[in-house]
Amino acid sequence: MRWYQRFFRRKITEKHLDAELRFHLDQTIGDLVAGGMNPEEARRRARLEFGGLDQVKEECRDVGGSRILESLIQDLRYGMRMLYKNPAFTAVAVLTLALGIGANTAIFSVVNGVLLRALPYRDPGQLVMVFGSVPAWGQDRIPLCVADFDDWKAWNHAFEQPTVFARHLYDYTSSQEPQRVIGAAVSPGFFSALGVEPRLGRSFLPEEEKPGGQLAVIVSHDFWMRDLAAKADAMGRNITLNDQTYTVVGVMPASFRFPAESVKLWEPLRLQPPTRRGPYFLRGLARLRPGVSLEQARRDMAAVTQRIREEIHAKDTGGTFIVLPLRAYLVGNVQPVLLVLMAAVGFVLLIAIANIANLMLVKAIGRQREMSVRAALGAGRLRLVRQLLTEGLVVSTLGAGLGLLIAYGSVNLLVAISPADVPRLDEIRIDGRVFGFTLLVSILSSLFFGLAPALRVSRLNLNDALKEGGGRGAAFGHGRYRGALVIAEVGLALMLLIGATLMLTSFARLQQVHAGFDPRNLLTAEISMPDFRYSDPLHVSGFYHQLLDRVQELPGVQSAAVASGLPPDLMQLQDTFTIESRPTPPGQSDPLADFLFVSGDYFRTLSTPILQGRPFSDSDRQGGPLVVIINETLARRFFPDENPVGRRLRQNRENPWMEIVGVVGDVRYGGLDAPPFPALYVPYLQHGWPGAYLVVRATRDALALAPSVRNAVWSLDKEIPVTEMKTAEQRIQESVAAPRFRTLLIGIFAFLALSLATVGIYGVISYSATQRIREVGIRVALGATRMDIMRLVVKQGLGLSLAGVAIGLIGALALTRYLAGMLYSVYPTDPLIFTGVSVFLAGISLVASLIPARRATKVDPMVALRYE
Amino acid sequence: MREERAEFLKGTLDMLILKVVALGPIHGYAIAQRIQQISRDFFQLQQGSLYPALHRLEDRGWLRAEWKATETGREAKFYALTPKGRRQLEAEVKNWEQLTDAVALILRTAE
């Protein structure tokens, strides 16, 4: 009989084995009785000669290969039955593990999709981005100018063909309704640097890349699907962009989303020979030559910088180039956050595992007697260990399965609620790698859970355990192991709680930042003026003037204004400025400031105070004397001891002087977490600026005004898109979406950790109190008061958690510095938070041990002493 | 004195069982009796240990088992030798003889 047949016929085989052995015994007895022995004696003798019946059976069953599978099934069934009989244990263990594994898999999925998975370009490790950097401005990653690009191309030794690109906005008017599409103009070699070719059609021809060449465009897969009806014959079709006719020559693959997901079009960048250094609008992209390291490329660019300084601009600005791996450019800003989240969720899993190990151990001790009996009946040591491991495996498999479900749900949730600036979000999914990770975690943890009790059992002394009450004494020896688990749990939970509290405090402070204006009842919108129809600055200002007149007449509007930037985080233009009769010392950079083009009522509409001088008036228009208003930071930094009103300054070095007529309070344009930056306001009537935001101060609910404001715009020009209609409060909330997201996640993890650790402390203390029930009985019988008993139990719990708090504090001191970059106006080692959270956690563990302590005081000494 | 009787040499039990079964289908109890009788109670056979050996030999395909009625009418599991078992027996007997010959030779010539 093959082992598998034997396996399926297990029941029959078992019956046969019984019958065969019984036959033997009966035969022996019969012979002995026939020889004159009395039946009772004969039976005893037959059994003696035969040897251990169960052992023989076990050995017979052990023949052949059926044993491994069969005993595994048996162990599984037995394990399931044990778990079924202890629903509370099972539920707690499985749920704990599922939460740990689920949260881990979810976060790991995000980490995998965003950080680990290879970028969809050929040999992505060799791709780099090149930017400029001017340390004196406190800014890096400044775009390059055309001259920078030419010098880079001419003098480098480390790069394959350097390329640059610039983002452009296009008005796409071939479709039913006009839309604004984001595109990129790219220099020759851009696609081959990335190693990606169009999926359909072709790349640009050299003649299309020359100034004056035929206008050609490559579209994204997305754009092709939606706007070109996914037709293969779309190649060669003409579409209208910015009032010019372009020929579609190619469609990129769906996975191609460079430089950003929002980019839907690519056209050749046609550069004219530069006449000066500037403007700065190009981003550099290049592939390192084979064998060239990042370090070598950086040295190479330093040499290029040196040469630019020597040969061209001996007194240039002190700018340098920075070379950044493409991956760092794409995901650099989310990497630390994700790693911190990964660590946090790892802590949660560790706590969960410690909890379950503890549960299993407690259960194993309770089953010590059972194990002894099984050992006495002939179960091998290996067999017992295997059975305990199987039970661990059952728990962790259930936990992993449920965890995977939780992960699935939470990954979708994470993607839905994560801030828009997380790159590669669409690449996040639970894949084989993530599943493998879950499986590994669950198998490792099952080994871990099974092992602790299994090791215990294999050291079991049969006689001691079988003796009455023997199991009780032995339990004390393992208090140390359980104590260590509690200490570890409390330590980990403390680290997480401190991290979460730091983030929460930071977030609360961030939300209290005064952005420099009153965000209540303030409606904002983006009005995109098509460049090609509004290329004349006067035309633009005329449009705004008319628009503001109409909006101001709407019922419910207090005042309205247009501006080229918007608090808290929309700034379109930064440029250098120079102050009259105060030349910049040689070798230094000209100072940098935010530049805003605003209408007269801008400060009144935002409720930003005028600190000195006057706001803009209607007389500040084209033809009048040029005027400028500066913010408080600029005034304090550049005119510390004098009245700036009446002084003159100008945009960079080429523009005409403008007279300072006022100083206003600081408004944040660089995000709530950035300190105020010097800002210059100029009246839009003296300049033209096509992209603008409309701000409307309402008397009541700002959003209710949205339709009438939109109609006011369209009554002037039906083809102007009015987008992003939001209240200022909404914009402020969105600007802190990223910190809110990470604070929320860390908060959730910390809460999980706290709950799990509390359950852990409670479990250990209450178990150990039950174990000591006899001791308690004796103490009570000898005259101990309830207070004494409480103290006895609580002291144990508090001792363990204080040790955990001490270890957690050390860990937190070592780890919270990794949070420093994510904290706003909170020190990573804030003593108040460290103390507060420690006291809080100690308090929680005190409560967790008070419950079993109270129960211990209710022990009746008589019952306790009889308790076996 | 039972205690002084020899334990089976490792591996010899299998050969003895095959030899006994070779005489014709026979059940476990009878095998035990036969071995003890023929060896004139020389071998101490813990009777239970016979069965794991029987099951092992069956599993290897040397023995074939069948449930049949005994003379008393009771059902018992009868073991019979398979052709494969016969070849195994021959090989083991040959092995055994070579071994005992060699041992005997050493004992004789070393005197």
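Predicted model: local features only at pLDDT ≥ 70, side-chain atom pairs only at ≥ 80, totals over all residues.
A:R226, by contrast, is exposed, at a relative accessible area of 56%. This pair is part of a count that comes to 24 salt bridges over all chains. As a rule, side chains of opposite charge can pair when their charged atoms come close. A further example in chain A joins the side chains of A:D620 and A:R614, at an N to O distance of 2.9 Å. Here A:D620 is buried, with 5% relative accessibility, while A:R614 is partly exposed, with a relative accessible area of 31%.

Turning to chain A as a whole, its secondary structure consists of 28 helices and 22 strands. The chain has 868 residues, and 50% of them are buried. Among its contacts with a separation of 6 or more, 81% are made by residues 24 or more positions apart.

What does A:V146 touch, leaving aside its neighbours within four places in sequence? Its contacts are A:L271, A:Q272, A:P274, A:P279, A:F281 and A:L282. A:T275 is 129 residues from A:V146 in sequence, yet their C-alpha atoms are 9.3 Å apart in space.

Several loops of chain A carry backbone features worth a look. The peptide bond between A:F258 and A:P259 is cis, with omega near 0°, and A:P259 sits in the loop that runs between β8 (244-251) and β9 (265-268). A cis peptide bond also links A:P567 to A:P568, with omega about 5°; the loop in question, which holds A:P568, lies between β13 (557-563) and β14 (573-579). In A:A229, phi is near 60°. A:A229 is found in the loop between α9 (221-227) and β7 (238-241) and is partly exposed, at 49% relative accessibility. A:N521, which is not a glycine either, has a positive phi of about 55°. The loop between α18 (479-512) and β12 (522-528) contains A:N521, and this residue is partly exposed, with a relative accessible area of 31%.

In chain B, helix α1 (residues 12-22) is mostly covered, with eight of its 11 residues buried. The buried set is made up of B:T12, B:L13, B:D14, B:M15, B:I17, B:L18, B:V20 and B:V21. The cover over these residues includes β1 (26-27), α2, α3, β2 (63-69), β3 and α4 (83-109) of chain B. After α1(B) comes B:G24, with a positive phi near 145°. Because B:D14 is in helix α1 and B:R56 in helix α3 of chain B, the pair ties together parts 42 residues apart in sequence. B:D14 has a relative accessible area of 11%, whereas B:R56, at 30% relative accessibility, is partly exposed.

How many residues does each chain bring to the contact between chain B and chain A? Chain B gives 21 residues and chain A gives 24 residues. The area buried between them is about 2,000 Å², and carbon and sulfur atoms account for 56% of it. On the side of chain B, B:Y29, B:Y51 and B:R74 supply 31% of the area buried against chain A, more than any other three residues.

The rule finds five residue pairs in polar contact across this interface. On chain B, α2 (28-38), α3 (50-59) and β3 (75-81) each supply at least two residues of the side that touches chain A. The most comes from α3(B), with five residues. By class, this side of chain B has seven nonpolar, eight polar and six charged residues. Two salt bridges are counted between chain B and chain A. In one such bridge, the side chains of A:E20 and B:K77 meet at 3.7 Å, N to O. A:E20 and B:K77 also belong, together with B:E58, to a network of salt bridges.

Notes: Residues numbered from 1 in each chain as written. Chains lettered and ligands numbered in written order. Heavy atoms only, no water. Helix = DSSP H or I, 4+ residues; strand = E, 2+ residues; numbered from the N terminus. Buried < 20%, exposed > 50% of the residue type's maximum accessible area, 1.4 Å probe, protein only. Contact = heavy atoms within 4.5 Å. Buried area = accessible area lost by both parts, 1.4 Å probe. Salt bridge = Lys/Arg side-chain N within 4 Å of Asp/Glu carboxyl O. Polar contact = N/O pair within 3.5 Å; in protein donor to acceptor, adjacent residues only side chain to side chain. Nonpolar A, V, L, I, M, F, W, Y, C, P; charged D, E, K, R; others polar.
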